[in-house]
Amino acid sequence: MSPLFIQYPKCGTCRKAAKWLEENHVEVTSRHIVEENPTREELSLWIDRSGLPINRFFNTSGLVYKEQNLKEKVKTASRDELLDILASNGMVVKRPIIVTDDFVLVGFNDKEWKAKLG
């Protein structure tokens, strides 16, 4: 099965990642993060599979993150509360995300993507 590429088409980093995928001939299934926001269950699974702390899944440069003052909440909230926040709005979730059966990549990092997908 091809990797799932979760992205927001207007995001510059997502466009850069999409171009990288195309140039490196990586076939993916694309999913618009706002039109089809990840569910709480998906996020929980992906966070575990990524090996990253839950706070790495937050789009810290996004307007919603700043407007809701999530910087402080992320430090003190429980995992369940944080999953609810992430599942409530795709714009809160860091992107792009690559999901496979074996690993999850959050954000675009050329070297990391090359190592896993190239």
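How exposed is Glu72: buried, partly exposed or exposed? Glu72 counts as partly exposed, at 41% relative accessibility; here buried means under 20% relative accessible area, exposed over 50%, and partly exposed in between (1.4 Å probe, protein chains only).

Before the close-ups, a quick note: this is a predicted model, where local features need pLDDT of at least 70, side-chain atom pairs count only at pLDDT 80 or more, and totals for chains, interfaces and linings use all residues. Residues are numbered from 1 along each chain as its sequence is written, and side-chain values use heavy atoms, with hydrogens and water left out.

**View 1. Glu72 and its partner Lys75 in helix H4.** Glu72 makes a salt bridge with Lys75, with the closest N and O atoms 3.5 Å apart. (A salt bridge is a side-chain nitrogen of Lys or Arg within 4 Å of a carboxyl oxygen of Asp or Glu.) Both residues sit in helix H4 (residues 70-76), three residues apart, or about one turn of the helix. Lys75 is exposed, at 58% relative accessible area.

**View 2. A salt-bridge network takes in Arg31, Glu36 and Glu42.** These three are joined by salt bridges that share partners. Zoom in on Arg31 and Glu36, and you'll find their closest N and O atoms 3.7 Å apart. Arg31 counts as buried at 8% relative accessibility, while Glu36 counts as partly exposed at 46%. Searching the whole structure turns up seven salt bridges.

**View 3. Lys19 meets Glu23 in helix H1.** Their side chains form a salt bridge, 3.9 Å from N to O. The two are four residues apart in the helix, so about one helical turn separates them. Lys19 is exposed, with a relative accessible area of 52%.

**View 4. Strands S1 and S2 run parallel.** Four bridges join S1 (residues 4-7) to S2 (residues 29-32); two strands pair if DSSP finds at least two bridges between them. Helices (H or I, at least four residues) and strands (E, at least two) are DSSP runs, numbered from the N terminus. Together with helix H1 (residues 12-23), the strands make a right-handed β-α-β unit: with the strands pointing away from you, the path from the first strand over the helix to the second runs clockwise.

View 5. The disulfide count is zero. Cys11 is buried at 13% relative accessible area, and Cys14 is buried at 1%.

Key. Disulfide = S-S within 2.5 Å.
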